[in-house]
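Me: I would like to work through a structure by question and answer. Please show it first.

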Amino acid sequence: MGKVDRRRQPVQARARETVDVILEAAAQVFDREGLRATTNRVAERAGVSIGSLYQYFPDKQAVLHALAERHIRETDARLRVLFARLRAECPPFEQTTREVLELVVEAHRGRPGLHRLMHRLAPRSVTELDAIDEFEDRVAAEIAFHLRRCERGGDDTERLARTVVHAVDAHLHRVMVRDEMSVDTLRELVERLIAEP
C-alpha cells in the first residue's frame with residue numbers, strides 16, 4: 001500500500017493531547033462500527049471539529065493506521081519490560097509462557113472489532129513493515145531464548161519460536177477477536193506446537 005498522508009505532526013502538548021483524544025475516540029468508534037465508521041463520527045465522539053481532525057489525519061485509513069502504530073509501540077514497550085524481567089528471574093517455561101500470553105491477551109482483550117480492522121486494513125509503508133518484522137523477530141528471539149534455557153523445542157528453536165509467534169498472532173487477530181480471549185487456549189496451542197515428537 002502507498003504512503004500514508006499524515007498532515008501535521010503534533011509538537012506542542014495541547015496538539016498531542018488533541019491527537020490522543022481523537023485516537024481514543026476513533027478506537028471506540030471503529031470497535032463499535034467497523035468500516036462503517038466515518039471521520040465525522042470520530043470527530044463527534046472526540047468533541048472536536050472535523051477540521052481539527054483533518055489537521056492531523058486526512059482520512060479514516062490514516063486514523064486506523066495511527067491506532068495500529070500506537071498499539072504496536074505500546075505492546076512492544078510492555079513486552080521489553082517483561083522479557084527483561086523473565087531473563088533476570090529465569091522462571092520455569094510454563095510460567096514464562098503464561099506471563100507472556102497474559103500480557104498479549106490483555107493488550108488485545110478490549111475492542112476486538114478494532115483489533116480485527118487494524119490487523120487487516122491499516123496501511124503500512126515499507127519502513128513500517130520493516131518495523132513490524134523487527135518487532136516480531138525480537139519477540140521470536142526471546143521465545144527461542146527461553147525454549148533453549150528450559151531445554152524445550154528440540155534442535156531448531158529459532159524456527160519453532162517464529163512458528164509460535166505467528167500462530168499466537170493469528171489466533172489473537174483472526175480467531176479470538178470473534179470469540180473469548182483466553183490465555184489458557186493460547187497456552188494449550190503453544191504446548192501443542194512445542195511438544196516433543
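Reply: A term is needed at the outset: pLDDT is the predictor's confidence in each residue, from 0 to 100. This is a predicted model, in which local features need pLDDT of at least 70 and side-chain atom pairs count only at pLDDT 80 or more, while totals for chains, interfaces and linings use all residues. Residues are numbered from 1 along each chain as its sequence is written, and side-chain values use heavy atoms, with hydrogens and water left out.

Me: What pLDDT does the chain average?

Reply: Of the residues, 92% score at least 70. Helices here are DSSP runs (H or I, at least four residues), numbered from the N terminus. Confidence is lowest in helix 6, at a mean of 80, and highest in helix 2 (residues 39-46), at 96. The chain average is 88.

Me: Is Thr 157 buried or exposed?

Reply: Thr 157 lies in helix 8. Buried means under 20% relative accessible area, exposed over 50%, and partly exposed in between (1.4 Å probe, protein chains only). Because its relative accessibility is 4%, Thr 157 counts as buried.

Me: Is Thr 127 buried or exposed?

Reply: Thr 127 has its place in helix 7 (residues 126-149). Since its relative accessible area is 61%, Thr 127 is exposed.

Me: Which residues are in contact with Thr 157, leaving aside its neighbours within four places in sequence?

Reply: Contact means heavy atoms within 4.5 Å. With those neighbours left aside, the contacts of Thr 157 are Ala 144, Leu 147, Arg 148 and Arg 152.

Me: Which helices do the buried residues of helix 8 pack against?

Reply: The buried residues of helix 8 include Thr 157, Leu 160, Val 165 and His 173. They pack against helix 5, helix 6, helix 7 and helix 9 (183-194).

Me: Which helix gives the largest share of the lining of the largest pocket?

Reply: On a 1 Å grid over the protein atoms alone, a pocket is an open set of points where a 1.4 Å probe fits, with protein on both sides within 12 Å along at least five of seven lines; lining residues have an atom within 4 Å of a point. The largest pocket has a volume of about 590 Å³, the space filled by probe spheres set on the points, which are joined across faces, edges and corners. Of its 29 lining residues, those closest to its centre are Phe 135, Val 165, Asp 169, Leu 172 and His 173. The largest share, seven residues, comes from helix 5.

Notes
Helices (H or I, at least four residues) and strands (E, at least two) are DSSP runs, numbered from the N terminus.
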